[in-house]
Structure formats: C-alpha cells, structure tokens
Amino acid sequence: MKLTLKIWRQKSPKDKGRFETYQVEANPHMSFLEMLDVLNEELISKKEEPVAFEHDCREGICGTCGLVIDGQPHGPSQGTTTCQLHMRHYKDGDTIVIEPYRGSAFPVFKDLAVDRSAFDRIIQAGGYISVNTGQAQDGNAIPIEKEQSARAFDAAACIGCGACVAACPNASAMLFVSAKASHLALLPQGEVESKRRAQAMVKQMDLEGFGMCSNVTACEAECPKEISVENIARLNREFLSSTLGTEVKVG
Amino acid sequence: MSWFSNFLTSSIGRKVIMSLTGLFLITFLVIHLIGNLQLLNPDDGMSFNIYAYFMTHNPLIKTVSYLLYASILIHAVQGWMLWSKNRKARGGQRYAVKNTRAVGTNSFAASNMGWLGTIIFIFLVIHMYQFWLQMKLGNTPMVTYDGNEVKDLYTIVADAYSNIGYVIFYVVSMVVVAYHLLHGFQSAFQTLGLNHRKYTPFIKGVGLVYSILIPLGFAIIPLYMYFMMQ
Ligand code: HEM
Ligand code: SF4
Ligand code: FES
C-alpha cells in the first residue's frame, strides 16, 4: 500500500518546526512504527535525517511510543498504543498526518519526540510506597477484596505514555496522576500514605505547568489503557479530604 | 492560613471554587425561574410586583442575594483565570488535525466553557443594568395594591420584552446557559469527587433535564409576553 505522510519535523527544541510530506510503501501487516522504520531506512539511504520518534517495548506496555496520528494520540484504534496500531486500519492512497504531543509541559525535543520528564518528577514526588528493607511479607497474608484489587489493577494499567495530556484541550495530567495515585491508594500497602501522596503529586503536577481538569474526558477517550475518569474523582476526593480532614503538610 | 491559600491556588482547589459557586448558581436559577413565572399571571403584574417587593425586603433573602453577587463574580473571575492558565498550559502550537472526542459529556460545551461563560457574563451585565439597577436607582413607576405602594417592576420588564431584539438576545443567551450547564452540571459533581457507579448516571440524567428545562422555562417568558400578552 502507498501512503502519503505529513510529518512534523523540528531540528531542536528551539527550531520553529514545519510539516514535511513523504511517500512510503507499506504493507498491512506492519505496525505503525514499522511503517515509520521503513520510511527512516529510505531517508538514511538517501542521506537524509531520519524522523525522530520514541519507542521501546513495541508491545504496548512501556508507554514510550505515542504520536498524534490524524489528531488522535496513538491513532484511531480504541485502547491501542501506536506500536500496536497496524497498517491494516489504513487503505492504499491514504494520507496520514503525524504530529508530536502538544503541551507546555511536554516540549518537543526533536521531530516527534517530546520531553515527558515532568511525569517522572510527579512520580518522584509521591508515586511510590515506602517499604522497609528486609524480609518481604507474604503477599497472601493481606486480605484484599476482589473488586478492590480489580479497581486498583485497572488504575495500575496506566503506562505513563502521556496521551491523556496530549488529548486534553488544557494539557492536564489529571488522568495520569489520578491513575498513579489511585492504584496505590486502593491497596492497603499504599493507603497508609495516600493523603500525603495526593498532596505531593498534585503539587508537583501544578509546578510542572499542566493545565487544570475541565472534565472534558478526552483523556479517557484516547487513553490506550482506557483508564477511567473515576480515578480523577477519587484523586479530587483524596485531595479534598487530605486538605480539610488531616494535618498533612506538603511544604 | 497558608494551607488554606495553598488549597485555593492549587489546581483542584480552583476547580472546587468553580464547582461550589456553579452549584450555588444552579440552585438560584430554580428560585429565580419560579419567581419569573409570576410574570405570566394575567393580573397586570400584581403577583410579580408583590414577589419582587418581598425579594427585595426580606432580610434573609437580601443576605443571600449578596452571596449570589459574590458567587457570580468569583465564578467569572476564577473562570477567566482557569481559561487563561489552561490556554497557557496547552501552549501556542496546536494540532494541525483536530479530532476532539469525549466520554459521557457534551464535548462542544466541555471545551468551550470559557466562551459560553463569557457570553453569560455579558448577558448578566445587561440583565442587571436593565432590571436590577433601574429598580435600585429608583426611576421605577409605582403601583398601589391594597394601600401598599410597591415598585412596578412588571412594567419595566414588559417594556423590555416588547422589543423583539431584546427577546431574541434573551432567548439566545438561554441557549448558551443550556450548553454551559449541559457540561457544567455533571462536571461540578465530578470536581467534588462525587463520582459513583450507582449515582453518576442519575446525576447526569438530572443534569440533562435541568439544562434543558430551566433555560427553556426562562426563554418561554419573554416569548410568551411578546407574542401573547400584547
Ligand atoms: C447562570 C450562571 C452560571 C452557572 C449556573 C454556571 C455553572 C457552572 C458550573 C456548574 C460549572 C462546572 C464547574 C466544574 O466543572 O466543577 C461551570 C464551569 C465554568 N463556568 Fe460557569 N456558570 C455560570 C456562569 C458563568 C460565567 C458568567 C462565567 C464567566 C466567565 C462562567 C465560566 C465558567 C468556566 C470557564 C467554567 C469551566 C471551568 C473548568 O472546568 O475549567 N460561568 N459553570
Ligand atoms: S492515563 Fe492513559 S493516556 Fe494517560 S499516561 Fe496513563 S496510559 Fe497514558
Ligand atoms: S513502544 Fe512500548 S508501548 Fe509502544
């Protein structure tokens, strides 16, 4: 299949950037990233600069890939990462527009690769549990209700790809932050620190310059792991109750 | 006080302010509509004028009305701040291809709350100037019912509603309020963390009915008075 690609090219964070048009010959079995690999092979053989894009596992679990394809982060398939999107969803002769994530907190490094280190700093601020070293406790010794563990697992499915920020008209990180805060808060090991965690993660999120949640729900629509905005409500509750009902201070 | 000011300037705190003031305005709109429906009584405005007299002289209602003015101002100012901060957060470079989707809410309304709110604000300024300020400044005709002299607000309203331009402006503004609430009603609950698998569908249902019926109720009054009562 012959495709026309309109790809955002930007040499450096300072460069203004522009769209370039390319032709590529792909086959329906390829993944989207393999199709871009083919393009890059051609560019390299023509001694041109290949298109920079991020990828790692290529099996939908690491969250590194993430392109805005025809206006949708991770492209048109519901609940699918870019690396798991296959070219059989396209037809011969299609034109595809590929852009990087947009948002002040996600500046472009180069071409389609953006700096998502803001997410790392949010996790460092509170997206963990404190455990003492030594003998690990028997996991089965802590009873957890099935429904509860399922909800925690749904939240834990977040791969930190940032598509929620890319989809949001406010570039808000609430879906990501709430998924990370929820999956810990819902389990006994994480619950003990949940109040402080909510305060610390929200504080860092605000410092990074993400927008505020207007409950547009575009994040849930585009999230490759279909994380629900129920988690955002949970974080709102956690933040409110830790502000009003506890003495935790995050200074 | 520092935890409190931290809360009020945090992203979630700002949204909670929007939500609480918004819910207060939602409650007020019901009371306001019930009052306005008195305009339709075919008694040359007597029941409406008596109602208006009561609303402006009952001390409890006067206190609540100051809370209301404050809520409108806080909601509007905070709304503009959120709007500008959110535009800054998304940055100057936008997507070449737009493809907005949403889950369980009106995506047009959801992503245009700032514009919709600003139109409502302009409506409110004109609305307050026309009825409230006229009444406060005292250039209102008076009428006497059973020996009590009250301001004839009805005549001012009927006058305004005899102008087709104003009637159209009023009705269009109500459509804007409907859109604002189509997203805002349920959004206010989500902001407070009130999302529950059992009750959220109910909240969304009530929100849908409210967002259509209340603005419709307001819009019917000038339409009825223009077309049927002259
Ligand atoms: C009839 C009057 C009004 C009512 C009943 C009302 C109600 C609401 C409600 C319930 C919300 C949802 C809050 C939330 O998401 O937590 C909201 C959001 C909003 N309102 Fe209003 N509003 C009114 C007037 C205004 C005015 C005059 C403005 C002026 C700018 C405004 C601007 C906004 C904005 C920008 C939002 C979105 C906030 C966000 O989620 O980012 N509204 N409104
Ligand atoms: S919530 Fe979804 S879209 Fe956002 S970072 Fe996690 S997996 Fe990606
Ligand atoms: S490359 Fe790991 S999720 Fe796509």
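**Chains A and B and ligand 1**

Between chain A and chain B the count is two salt bridges (a salt bridge is a side-chain nitrogen of Lys or Arg within 4 Å of a carboxyl oxygen of Asp or Glu). This is a predicted model, in which local features need pLDDT of at least 70, side-chain atom pairs count only at pLDDT 80 or more, and totals for chains, interfaces and linings use all residues. Residues are numbered from 1 along each chain as its sequence is written, chains are lettered from A and ligands numbered from 1 in the order in which they are written, and side-chain values use heavy atoms, with hydrogens and water left out.

**Between the chains**

- A salt bridge joins the side chains of A:Glu230 and B:Arg197, at 2.9 Å from N to O.
- Contact, meaning heavy atoms within 4.5 Å, takes in 48 residues from chain A and 36 residues from chain B.

**Around ligand 1**

- Residues from both chain A and chain B surround ligand 1, so the site is shared between chains.
- Of the 23 residues around ligand 1 (each with a heavy atom within 4 Å of it), the nearest are A:Ser214, B:His75, B:His180, B:Ser187 and B:Thr191.
- A polar side-chain atom of A:Ser214 is 2.6 Å from an oxygen atom of ligand 1.
- For B:Ser187, a side-chain N or O atom lies 2.4 Å from an oxygen atom of ligand 1.
- For B:Lys15, the distance from a side-chain N or O atom to an oxygen atom of ligand 1 is 2.7 Å.

Methods. Polar contact = N/O pair within 3.5 Å; in protein donor to acceptor, adjacent residues only side chain to side chain.
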